[in-house]
Protein chains: 2
Amino acid sequence: MTESPDPPPPRIRAILFGVGAMGTLLTRLLVDKNVEIVGALAVSPSKVGRDLGEVVGLGHKLGVVVSDDLEALLSGTEADVAVVAAASRMEAMAPAFRTCLSHGVNVVTLEEQSFYPWHSAPELAAELDELARAHGATLTATGVQDVYWSLAVSAMMATAHRIDSVHGRSSWRADEYGPSVADYLHLGEPPVGVIEALTVEWGPMVGLGALGALAAAAGLTPTKSEGKLAPNLARRDIHSDRLDWTIPAGSIRGVTETVTMQTAEGIQLSFEMAGYVHAPEEPSINEWSIHGEPELHLVVPDLPVDMVTCATLVNRIPDVLAAPPGIATVDRLPPPRYRHGPLRA
Amino acid sequence: MTESPDPPPPRIRAILFGVGAMGTLLTRLLVDKNVEIVGALAVSPSKVGRDLGEVVGLGHKLGVVVSDDLEALLSGTEADVAVVAAASRMEAMAPAFRTCLSHGVNVVTLEEQSFYPWHSAPELAAELDELARAHGATLTATGVQDVYWSLAVSAMMATAHRIDSVHGRSSWRADEYGPSVADYLHLGEPPVGVIEALTVEWGPMVGLGALGALAAAAGLTPTKSEGKLAPNLARRDIHSDRLDWTIPAGSIRGVTETVTMQTAEGIQLSFEMAGYVHAPEEPSINEWSIHGEPELHLVVPDLPVDMVTCATLVNRIPDVLAAPPGIATVDRLPPPRYRHGPLRA
């Protein structure tokens, strides 16, 4: 008589919300890591009703029919986590977050404002935090910010004796995130009125969230912050292979957020974050400088922002499953780490 | 009647062991951060018996007479932590570590091998770990490795979907650490026999410790490691302002450690770490690359290694005081963080 071997650990079950450019990449990464995708949700009628594997071009079916009814999906499946890559503002995603959290399903999302929402949407954040606690679920946003705009910077700060100010510069390719982000940034539109519209629709929430998380990770106390948006105009026609579309000279090719945060410690944090359609010869930028004793610099040359955004989310899933209920901003999680092979809770 | 204000939090009390180049810098940083230096220890007769402030050129006395008797120092003072910056091998420092730990005094040190001693000195590490636990004290080594060769790299790894290999290159200015490190590296000696001597005296323990800590932080399982030392010869006379001394052409200006670690996950970690007297036009190097999906690169241009080494140690003190007893390698501590103003436990 031989003892039976231990059963394999159960697979993590995920619902994917958003089957755009990011959802397509996330599907492949989740499947690679043996995550069981138990449901998928999209808005576009061209995707709803089809198999997820076909929609994202995986080359084979996944046995998951894309739905447009989140409530029905959550009621009909057992999921450990909802992977949400659908829109970029907390208010836009709040109904979906509420539905997931009410079902006790953890949420991990690329929605930028939730990365550190306490400065830009404190009331909504408090409401979702309370809802999550009441249902024993966690809400975490992650992405490129997690390491490259937060942990790597706070770690470098930890090697300084005295810090006067911290300044970051980053650019990301605005055409890598699909048509919804392109629309959202008003790409290709004439500049008249766009910044005013964007300021109302968006505000400098991505940069503000990045600095808020950085301050939290570094143990600093923000006292005041301000930010502004500026258009980035195409000086000549710029063709986007990804969008298969040419941004005409003189029109919007992206937007730059410039944010500054003062702290009770007297240390100024600032960040210039530019999302735009890069010309072929333009590398993306990711640089941070710490001014004080000593002067310190960190350079991440030509970061593939879309890929690290999705890979970081997948590597974060076990942390999100293990976190105490509530909004778990990344400063409250362990440092992210690489997950090799099948993802385990 | 007015209520009296809360008393200020007690100052952290430190003993400084080692009053060389690093101890001199550490004295200033500790004083700046309001740490109470309650004792200092040196070996050199030219320092013993004098006031620490005078020995390190602080411009004023500190009321601390440099001693050469650790046992007497520990018996006669109440200290929270011993800051040890005296020598570079665990075996060389083990008697001092034993004495501190037996008195229940926490140790934070720049001694390189202790950074992650489990591969290069497992028996000695186990003995000190047990001793530390028995006396409720902690032993942690930190320095440039903590962030630039470990956390920053494991954080970048956390943004990858698949890692095949990780490679680091680093150089540090071998003349910034005083005459003891210069002697130790056989600087200025003819190359004959030096690598053989260094291999016996030292071995590739710094690089091995860095990769061991990196593997631990990244959740990887080392299976095999190997390393070698190679001399770095001066191609021409190189003057060191710091040592006020010229390394003659053809003699040893430093040593390069090259270490490779295999892991059960199939990921190869490698690190080339070169300590040498840099010519004025040679920048120091700190670069890490991750090969896999995606390819990732991190560049820290011209890192002031001596300064970040000491600043990181000081910022780590509260973590060491709060850590559970035993050898607390940095993968077992929270991410380091900047400490603004007076250091508090």
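**View 1. Asn34(B) sits in a loop of chain B, between helix 1 (21–32) and strand 2.** Helices here are DSSP runs of H or I with at least four residues, strands are runs of E with at least two, and both are numbered from the N terminus. Asn34(B) is not a glycine, yet its phi is positive, about 65 degrees. (Buried takes 20 or more other C-beta atoms within 10 Å of a residue's own, exposed takes 12 or fewer, and partly exposed is in between, with C-beta atoms placed from the backbone.) A quick note on the model: it is predicted, so local features need pLDDT of at least 70 and side-chain atom pairs count only at pLDDT 80 or more, while totals for chains, interfaces and linings use all residues. Residues are numbered from 1 along each chain as its sequence is written, and chains are lettered from A and ligands numbered from 1 in the order in which they are written.

**View 2. Seven strands of chain B make an open sheet with parallel pairing.** The strand order is 3-2-1-4-5-6-15. The edges belong to strand 3 (66–67) and strand 15 (326–327) of chain B; each has a single partner strand, so one side of each has no neighbour in the sheet. Further in, look for strand 1 (residues 13–17) and strand 2 (residues 36–41) of chain B, which pair in the parallel sense over five bridges. (Two strands pair if DSSP finds at least two bridges between them.) One of the bridge partners to look for is Glu36(B) in strand 2, which goes with Arg13(B).

**View 3. Arg98(B) belongs to helix 4 (residues 90–102) of chain B.** This residue counts as partly exposed because it has 16 C-beta neighbours inside 10 Å. How far apart in space are Arg98(B) and Lys47(B)? From C-alpha to C-alpha it is 24 Å, and along the sequence they are 51 residues apart.

**View 4. Strand 13 (residues 286–293) and strand 14 of chain A run antiparallel, joined by four bridges.** Together they form a hairpin with two residues between them. Within the pairing, Ile290(A) has Leu296(A) of strand 14 as its bridge partner. In a regular strand, side chains alternate between the two faces of the sheet. Strand 14 of chain A has Leu296(A) and Leu298(A) on its covered face, and His297(A) and Val299(A) on the uncovered one. The loop between these two strands holds Pro294(A), and a cis peptide bond with omega of about -10 degrees joins Glu293(A) to Pro294(A). Chain B has a cis bond too, between Glu293(B) and Pro294(B), with omega of about -10 degrees.

**View 5. Asp302(A) lies in the loop between strand 14 and helix 10 of chain A.** Its phi is near 45 degrees, a positive value in a residue other than glycine. Asp302(A) counts as partly exposed, because 14 C-beta neighbours lie inside 10 Å.

**View 6. Domain 1 (13–141 + 307–332) and domain 2 (144–303) of chain A come from the domain assignment.** (Such bounds come from an automatic or database domain assignment.) Taken over C-alpha atoms, the centres of the two domains are 24 Å apart. Contact involves 19 residues of domain 1 and 23 residues of domain 2. (Two residues are in contact if their C-beta atoms, placed from the backbone, lie within 7 Å.) On the domain 1 side, helix 10 of chain A gives the most, with three residues.

**View 7. Chain A and chain B meet through 33 residues from each.** Which element gives the most to chain A's side? That is helix 6 of chain A, with seven residues. Chain A's side divides into 23 nonpolar, eight polar and two charged residues. (Nonpolar means Ala, Val, Leu, Ile, Met, Phe, Trp, Tyr, Cys and Pro; charged means Asp, Glu, Lys and Arg; the others, Gly among them, are polar.) A rotation of 180 degrees with 0.0 Å of shift along its axis superposes chain A on chain B, with an RMSD of 0.0 Å. The two copies are therefore related as by a two-fold rotation axis. (Superposing is by least squares on the C-alpha atoms of residues with pLDDT of at least 70 in both copies.)
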